[in-house]
Amino acid sequence: MTQLRRAYTLLLSSQAVRQSALLTIGSTTTAVLSAIALIYVSRVLGPVQFGIFSVGTAIMMIVSKVGDMGLATIITRQLPRLHDDPQKQKEFLAQISQWKLLLTIVGISLIGLTIPFAQDLLNYPYPTLLFLALIGSIGLIIYEYVFLVLSAMHKFQWVGVLNVLQAAMKVVTFVLLGITGYATATSISVFYYAAPLVAALIVATFFGQWFFILPHSGSQTLRAEVKKHVGHAAVGMIAATLIANIDVLFVQKYLSTFETGIYSASMRIALFITFVSSAVGGVLNNRVARYQTSQLLHSYLRKSLLIVLMAATGFLCFLPFAQYVLLFTLGPEFSSGLIPMIILVFNAFLSLAIVPLISFFYAVDHPNYFSIGGILQVVVICLGNLLFLASYGLMAAALSRVAATALHMAFTVWYVRYALQIVEKKES
């Protein structure tokens with residue numbers, strides 16, 4: 001009992017634990033609200049309309065990364081290291097703002113020209129929804145920037161406010177649309193895309209000194225540091241976005257819109273676990289970025305095994321209730337998605353187990369980890385869908401995700417050991 005009390009006291013005194021708990025509570029609340037919003041929408045729209053809506057959101061998520069191109073990784077890596085120098089923080093944010101403004105203008109303009117071709121390529125004859133996805137991506141770029149800076153500044157309570165606010169706005173507007181009879185794939189998309197932008201602008205007004213900085217180039221040293229990492233980070237970020245969304249586009253292209261709706265709804269159930277992963281990663285990435293010795297890194301990796309245990313336990317607890325979760329959330333219309341849903345939830349827990357290992361690479365100078373790891377996963381998902389989707393349907397799409405995540409886990413474990421050996425050699 002004495003040892004348990006000491007462990008409990010140690011946990012309570014740990015700033016990392018408190019911050020993780022705070023962000024997890026906020027993310028869990030966000031996950032619940034988001035689940036309510038999307039489950040309600042899936043019931044109101046039905047599988048076909050929900051499939052149309054989901055393809056638009058997947059496109060929006062992919063397009064939004066043109067305004068990032070890996071800057072998210074650089075913000076998370078560099079900004080926490082400048083916590084004791086406010087002037088350098090502002091210089092860094094001004095430099096990042098310049099990059100984001102340039103990438104957003106150029107990227108969105110170029111992608112806008114591809115809308116007519118995207119309709120044919122994806123078998124998605126909805127130009128209005130494609131245009132809304134393009135506009136919505138700009139709001140998401142702003143939202144994610146506010147989210148990243150607040151996290152890097154360790155303002156986790158405000159990260160929670162930001163997340164919960166945008167999720168609550170979605171719930172309220174979706175319910176109002178359903179009650180008034182105006183819920184369509186188009187109207188739902190408008191408010192789904194508007195909520196993150198409105199929430200980001202509201203929260204940003206409380207931190208004008210960080211977010212309302214005129215973009216300009218930083219010092220030569222700062223520019224060199226950004227350029228050093230931006231290439232690999234960009235590939236990694238684009239790959240991560242494709243990993244999260246590209247299978248929906250494959251299903252839309254090769255299967256029916258009904259099956260797209262079934263698969264997309266199953267992904268929404270797994271999204272709850274993804275929110276938890278984001279919460280844990282949001283704290284760990286920003287804290288581990290400050291760890292610069294092998295002793296600290298070894299200690300961190302030992303503690304990270306608790307998250308692996310948590311992920312395994314979580315999936316085993318979910319499994320007996322999977323059928324009831326589907327029926328009481330999505331409804332009997334989506335019952336054919338039970339097995340894909342279980343596989344996708346398993347994949348989400350597997351991804352959670354890798355989160356602390358991914359955070360390790362925010363402390364070491366190995367930017368190519370993000371690009372190589374991302375490319376490996378995209379290749380596996382694309383090959384799995386291209387080779388097996390037409391024959392095996394949604395099972396192929398779900399299992400392709402699991403195969404990609406398993407390969408990524410093996411690659412990450414190997415690369416952690418390799419990078420740690422290099423750190424130890426430099427110290428000796």
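**Ground rules**

Axes here are lines fitted to C-alpha atoms, for helices over the stretch in contact, and angles run from 0 to 180 degrees between N-to-C directions. I'm looking at a predicted model, where local features need pLDDT of at least 70, side-chain atom pairs count only at pLDDT 80 or more, and totals for chains, interfaces and linings use all residues. Residue numbers start from 1 along each chain as its sequence is written, and side-chain values use heavy atoms, with hydrogens and water left out.

**Entry 1: overall make-up**

I started with the secondary structure and found 16 helices and zero strands in the protein. Helices and strands here are DSSP runs numbered from the N terminus (helices H or I, at least four residues; strands E, at least two). Next I looked up burial: 53% of the 428 residues are buried. Buried means under 20% relative accessible area, exposed over 50%, and partly exposed in between, with a 1.4 Å probe and protein chains only. Then I checked contacts, meaning heavy atoms within 4.5 Å. Among contacts between residues at least 6 apart in sequence, 83% join residues at least 24 apart.

**Entry 2: α6 against α8**

I note that two packed helices are described by the angle between their axes and the distance between the axes. For helix α6 (residues 127-152) and α8, the axes come within 8 Å and cross at roughly 25°. That makes α6 roughly parallel to α8. My cut-offs: under 35 degrees is roughly parallel, over 145 roughly antiparallel, 65 to 115 roughly perpendicular, and the rest oblique. The crossing of α6 and α8 is left-handed. Left-handed means the near helix is turned anticlockwise from the far one by less than a right angle, and right-handed means clockwise. On the α6 side, the contact includes T128, L129, G136, G139 and Y143. On the α8 side, A185, T186, S189, Y193 and A204 are among the residues involved.

**Entry 3: α7 against α8**

Helix α8 (residues 185-204) also packs on helix α7 (residues 156-180), with axes that come within 9 Å and cross at roughly 150°. α7 and α8 are therefore roughly antiparallel to each other. I logged their crossing as right-handed. From α7, the contact includes W158, M169, K170 and F174, and from α8, F191, Y192 and P196 are among the partners. The class tally is 17 nonpolar, three polar and one charged residues.

**Entry 4: α14 against α16**

Helix α14 (residues 338-360) and helix α16 (residues 394-427) pack at about 15°, with their axes 9 Å apart. That makes α14 roughly parallel to α16, and their crossing is left-handed. I count 22 nonpolar, five polar and one charged residues in this contact.

**Entry 5: the core**

Which residues touch the most other members of the largest nonpolar core? Of its 124 residues, I59, F211, Y263, F360 and F361 do. A nonpolar core is a set of buried Ala, Val, Leu, Ile, Met, Phe, Trp, Tyr and Cys residues joined through side-chain atoms within 4.5 Å. Helix α2 (residues 15-64) gives the largest share of this core, 14 residues.

I followed two of these. Not counting residues up to four places away in sequence, I59 touches L122, Y124, L130, A133 and L249. F211 is found in helix α9 (residues 208-211) and is buried, at a relative accessible area of 12%. Leaving aside neighbours within four places, F211 is in contact with Y145, V146, V149, L150 and A204.

**Entry 6: single residues**

A289 sits in the loop between α11 (257-288) and α12. Buried or exposed? A289 is buried, with a relative accessible area of 0%. A289 and V364 are 75 residues apart in sequence and 7.9 Å apart C-alpha to C-alpha.

S294 is in helix α12 (residues 294-318) and counts as buried at 11% relative accessibility. Beyond four places in sequence, S294 touches V423, E424 and E427.

V106, in helix α4 (residues 86-112), is partly exposed, with a relative accessible area of 42%. Its C-alpha atom is 8.6 Å from that of V66, 40 residues away along the chain.

How values were computed. Nonpolar A, V, L, I, M, F, W, Y, C, P; charged D, E, K, R; others polar.
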